[in-house]
Amino acid sequence: MIHFLKASLHEGLLNIREKLGSFLVTLLMVSLSFMVFDIFLVVSWNVGTVLSDEQESVGIELFLREDISEVEAVNLADLISVMEGVRSVYYVSSLEAEAVFRADLPEQADLLILLGPQFHLPSSIQISLHPDYRTSGKVSGLARTVSGMDGVKDVVYGQEYLPGLTSAVDMMGKLVVLAGLVLAISLSLIVANTVRLAVAKRALTVEIMSIVGAPGWFVRMPFLGEGLVTGIIGSAGSLLLTGVISSILSSSIPHDFLPGKWILLVLLLGASAGAAGSWIGMRSGIPKPRS
Amino acid sequence: MLISFQNVSRFYNDWPALENIELTVEPGEFLVISGPSGAGKTTLFRLIWMGDLPTSGLVEVSGYRSDRIRKGDLSSLRRKLGIVFQDFRLLSERTVFDNVALPLQVAGYSPRAVRKRVFSLLAEMELNHRRSSYPHELSGGEQQRVAIARAMVAHPVILLADEPTGNLDPDVSKHVIELLLEINRTGTAVILATHDPRQIPAGTARYLYLDRGHLANPVSWDGYNQL
């Protein structure tokens with residue numbers, strides 16, 4: 001078996017050596033196609049990071065009626081803390097709210113003095129949510145539930161921006177998947193066409209191999225290997241090119257490059273597109289012996 | 001019995017390339033099949049190596065039946081056959097050594113075994129000095145000898161030679177025919193398709209005549225002289 005594999009590898013190398021020029025052109029084409037995708041991923045990653053930071057801060061703030069005692073407020077907080085989707089709750093007393101106000105807005109601290117000793121900032125309960133619950137629909141549903149609870153005066157949860165944020169995050173996720181699919185298909189077609197040309201160029205070799213008794217997989221393996229190598233090297237080349245562009249632009253447009261997982265994903269996508277392309281190319285390209 | 005054709009027909013659309021062929025070939029036999037162009041000689045060969053299957057009837061080659069052959073069996077069958085073509089079909093980007101070694105490599109022989117067998121065969125066929133040459137650097141006769149070496153390297157039980165002298169001058173043709181006779185003397189069955197059966201010395205072969213897809217009754221060498 002090892003001799004079989006060695007001979008098959010040898011065939012694959014012969015395949016590449018005999019048409020090195022067109023192999024390099026294909027690599028360049030695959031790299032450039034992937035580079036468009038990589039740039040899209042870098043932009044998506046950075047926009048996604050901003051959006052998820054925003055989403056991280058999504059929560060609900062319950063302002064309580066003034067006649068609610070601290071004990072009642074703490075009981076209410078306990079009740080909310082066991083509700084579905086709630087990660088944690090934090091009770092902010094009127095005194096703590098004032099202290100925060102003074103610390104966060106020292107230049108407006110005089111305002112509290114002007115309003116007199118009878119004025120108190122309302123006490124509140126801050127609700128932090130599980131990541132899955134930080135969508136517009138779920139937050140508003142939970143907000144509706146808690147707003148009907150006894151002692152609640154008002155509910156704030158970012159009603160103005162949350163629907164837009166949720167749909168932007170959704171759309172970004174879908175866009176990445178869609179672009180990935182479109183690119184994988186188009187790259188497969190590019191690689192498939194290249195392999196088909198390779199098969200056509202090596203029609204006599206394929207024919208003679210078949211006639212002298214080469215098993216089908218022995219004939220197909222070099223082409224499959226070529227597709228895989230093209231996909232992996234092409235996608236790695238695209239990452240390199242994108243990395244260079246990214247580092248040139250990083251001083252004028254601050255951003256992060258792709259994380260390790262995404263880099264691996266690009267390489268895997270390259271390998272898959274290459275293998276799929278070879279498979280398509282072989283199915284349509286391997287000739288039947290003519291006589 | 002090495003090869004058997006039982007009432008075999010092969011149609012391409014409605015055109016009969018071969019019709020109702022009955023044929024048997026015994027181990028070690030030398031069979032000469034002649035006939036004009038388009039008579040069906042190449043189709044007959046394709047049916048033997050199962051590059052094509054009959055429209056009706058049954059072909060059996062070395063235990064492999066056309067009605068039961070699976071894709072995976074084809075490579076095993078073809079390793080028992082050696083095939084030589086009129087246009088040599090050598091791989092132009094490979095040396096003589098690599099061309100001859102190919103059937104052994106695809107059969108999974110070790111590089112050492114491949115070298116040993118190929119060197120020995122090239123020496124037998126007086127091609128050792130050409131082992132690093134490329135096909136375009138060889139004469140027609142040398143190219144055909146390389147093609148025969150490639151066909152014989154894996155010790156086939158049947159050698160199919162489809163017009164092997166068609167592109168060669170008479171002297172070189174004679175040498176190639178002598179080579180085929182020598183191969184036959186070692187026990188390999190040889191089936192030779194040729195326009196000119198008189199290349200084969202009388203008494204050394206069985207002769208068949210194929211015309212428009214029909215196999216004529218066995219013809220003697222004398223019979224050919226009268227054709």
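Predicted model: local features only at pLDDT ≥ 70, side-chain atom pairs only at ≥ 80, totals over all residues.
What percentage of the 227 residues in chain B is buried?

1. Overall content. Buried residues account for 46% of the 227 residues in chain B. Chain B contains seven helices and ten strands.

2. The antiparallel sheet of chain B. Four strands of chain B make an open sheet with antiparallel pairing, and their order is S2-S1-S4-S5. The edges are taken by strand S2 (15-25) and strand S5 (64-65) of chain B; each has a single partner strand, so one side of each has no neighbour in the sheet. Within this sheet, strand S1 (residues 3-12) and strand S4 (residues 56-61) of chain B are joined by five bridges in the antiparallel sense.

3. Helix H1 (residues 41-48) of chain B lies across S1, S2 and S4 of chain B. Its direction is at about 120° to S1(B). H1(B) also supplies at least two residues of the side of chain B that touches chain A.

4. Strand S3 of chain B. Strand S3 (residues 30-34) of chain B has five of its five residues buried, so the strand is largely enclosed by the rest of the structure. Phe30(B), Val32(B) and Ser34(B) point one way from S3(B), while Leu31(B) and Ile33(B) point the other way. Both sets are buried.

5. Parallel partners of S3(B). Strand S8 (residues 189-194) of chain B runs parallel to S3(B) and is joined to it by five bridges. Strand S9 (residues 206-211) of chain B is also paired with S3(B) in the parallel sense, over four bridges. Ser34(B) takes part in both pairings: its bridge partner is Thr194(B) in S8(B) and Tyr209(B) in S9(B).

6. Packing of H3(B) on H4(B). Two packed helices are described by the angle between their axes and the distance between the axes. For helices H3 and H4 (residues 111-124) of chain B, the axes come within 10 Å and cross at roughly 130°. H3(B) and H4(B) are therefore oblique to each other. The crossing of H3(B) past H4(B) is right-handed. H3(B) contributes Phe97(B), Val100(B), Ala101(B), Leu104(B) and Gln105(B) to the contact, and H4(B) contributes Val114(B), Arg117(B), Val118(B), Leu121(B) and Leu122(B). By class, the residues of this contact are eight nonpolar, one polar and one charged.

7. The contact between the chains. How many residues does the contact take from chain B and from chain A? Chain B gives 20 residues and chain A gives 17 residues. On the chain B side, H1, helix H2 (71-78) and helix H3 (96-106) each supply at least two residues. H3(B) has the largest share of that side, with four residues. The side of chain B that touches chain A divides into eight nonpolar, six polar and six charged residues.

8. A helix in chain A. Which residues of helix H8 (residues 203-211) of chain A are buried? They are Thr205(A), Val206(A), Ile208(A), Met209(A), Ser210(A) and Ile211(A). Just after H8(A), Gly213(A) has a positive phi of about 100°.

Note on methods. Residues numbered from 1 in each chain as written. Chains lettered and ligands numbered in written order. Pairing = 2+ DSSP bridges. Contact = placed C-beta atoms within 7 Å. Axes fitted to C-alpha atoms, helices over the stretch in contact; angles between N-to-C directions. Nonpolar A, V, L, I, M, F, W, Y, C, P; charged D, E, K, R; others polar. Buried ≥ 20, exposed ≤ 12 C-beta atoms within 10 Å, placed from the backbone. Parallel < 35°, antiparallel > 145°, perpendicular 65-115°, else oblique. Left-handed = near helix turned anticlockwise from the far one by under 90°.
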